[in-house]
Amino acid sequence: MAMFAGILAFVLAAGALYQNIGARRSARRFAAPGELVDIGGQRLHVVRAGAGGPTVLFEAGIASSTLSWTRVMPAVAAFTHTCAYDRAGLGWSDRARGTRTVDRIVADLHGVLAHAAGPGPVVLAGHSFGAFLVLVYAARYPDRVAGLVLVDPPTEWQAPDTHRARLLSRGIRASHLGGALARVGVVRACLTLLTGGAPGVPRNAVRALGPRALRTLEHLVGEVRKLPPEVHPLVQALWSDPKCFRGMAEHLGALGAIGEAAGRVPSLGDVPLAVVSAGDQPAAVIAQHRALSRLSAQGRHIVAANSGHWIHLDEPDLVVTTIREIVARATT
């Protein structure tokens with residue numbers, strides 16, 4: 001037993017050393033592409049591009065970073081000023097200060113807009129969790145919002161049943177486990193093997209956690225591969241950092257509250273609004289999205305027929321065109 005404990009301690013120490021060396025190398029090779037801005041006592045990573053107005057701010061999905069908008073943001077920056085940021089605990093931003101509550105997440109967004117967008121109204125484009133966030137923000141700060149684009153909002157999580165509550169709990173536990181594995185270099189090693197031509201090794205390792213974990217890995221890898229190839233090493237570096245797993249767990253923990261807050265929004269008046277649904281969503285979710293578009297007298301519902309949940313990766317041109325239309329309507 002003592003020998004086993006000694007071997008385990010050695011392996012963990014070696015893994016932690018491997019992780020530390022890899023993290024230093026990644027920090028040198030993959031510096032933040034934007035700027036780190038102090039918002040509420042924590043530094044958030046903000047990327048800006050383009051010129052003109054209104055500013056279009058991009059809000060990413062639940063555990064995603066600014067990189068998720070790589071196929072959309074440059075095209076939008078060709079006709080107006082754009083801004084994207086990493087929420088606290090994700091991407092290149094600092095770890096969150098305190099529990100992720102709706103009020104704190106909304107306050108962070110408000111601070112980013114004050115820094116990056118100036119005093120005028122903005123167009124907010126949010127994907128998934130980010131769609132809920134920009135909807136809640138628009139209800140709280142109507143004078144700051146000129147238009148909204150909600151990309152496949154997860155309306156099925158606004159009133160989660162027992163099954164979804166269990167899924168959420170498992171997701172949080174899996175995120176904490178991922179963070180523990182990342183601290184001792186396991187995640188970094190698996191991603192290195194996966195991208196270096198030995199995909200069977202990490203898949204076999206994840207298979208030990210069960211078929212659901214394996215399906216999740218394969219799904220995430222498939223979505224990342226839709227990003228431009230030059231972005232893949234940056235995604236790998238970010239997800240080798242234990243911080244991102246903690247950030248994922250924190251945002252999963254806030255999903256129910258942000259969903260409930262979004263569900264309580266009674267009306268958006270006549271703010272230009274577009275709700276874009278993935279074509280593979282069930283009829284019930286499509287109906288929820290159509291109802292969501294009626295929050296505004298200028299609401300429009302669009303179905304991206306050839307897309308899964310990550311519409312901005314499957315059909316980026318559709319998202320760009322939708323944002324352009326909302327910008328035009330917001331300025332007339």
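Helices (at least four residues) and strands (at least two) are DSSP runs, numbered from the N terminus. By that definition, the protein chain in this predicted model has 13 helices and 8 strands. Of its 332 residues, 50% are buried.

**The chain as a whole**

- Among contacts in the protein chain with a separation of 6 or more, 77% are between residues 24 or more positions apart.
- The chain exposes about 15,000 Å², and 59% of that area is supplied by carbon and sulfur atoms.

**Helix α4**

- Helix α4 covers residues 129-140, which makes 12 residues.
- From the first C-alpha to the last, α4 reaches 17 Å, close to the 16 Å expected at 1.5 Å a residue.
- The helix is mostly covered, with 10 of its 12 residues buried.

**Cysteines**

- The search of the whole structure finds 0 disulfides.
- Cys83 has a relative accessible area of 1% and is buried.
- Cys244 is buried as well, at 3% relative accessibility.

**Aromatic pairs**

- The whole structure contains 3 aromatic pairs, according to the search.
- One of them joins Phe58 and Trp69, with 4.9 Å centre to centre and 40° between the planes, and this pair is tilted.
- Phe58 lies in strand β3 (residues 56-59) and Trp69 in the loop between β3 and α2 (73-77), so their pair ties together parts that are 11 residues apart in sequence.
- Phe58 is buried, with a relative accessible area of 0%, and Trp69 is buried too, at 1%.
- Trp239 and Phe245 also pair: their ring centres are 5.3 Å apart and their planes are at 75°, so this pair is edge-to-face.
- Within this pair, Trp239 is partly exposed, with a relative accessible area of 22%, whereas Phe245 is buried at 13%.
- The cut-off explains these two labels: buried means under 20% relative accessible area.

**A charge over a ring**

- The charged end of Arg164 sits over the ring of Trp157.
- The distance from that charged end to the centre of the Trp157 ring is 5.2 Å.

Key:
Residues are numbered from 1 along each chain as its sequence is written. This is a predicted model: local features need pLDDT of at least 70, side-chain atom pairs count only at pLDDT 80 or more; totals for chains, interfaces and linings use all residues. Side-chain values use heavy atoms; hydrogens and water are left out. Buried means under 20% relative accessible area, exposed over 50%, partly exposed in between (1.4 Å probe, protein chains only). Contact means heavy atoms within 4.5 Å. Accessible areas come from the Shrake-Rupley method with a 1.4 Å probe; for residues, only the protein chains shown count as cover. The expected span of a helix is 1.5 Å times one less than its number of residues. A disulfide is a pair of cysteine sulfur atoms within 2.5 Å. Rings of Phe, Tyr and Trp (its six-membered ring) pair if their centres lie within 6.5 Å; planes under 30 degrees apart count as stacked, over 60 as edge-to-face and the rest as tilted. A charge sits over a ring if NZ of Lys or CZ of Arg is within 6 Å of the ring centre and within 35 degrees of the ring normal.
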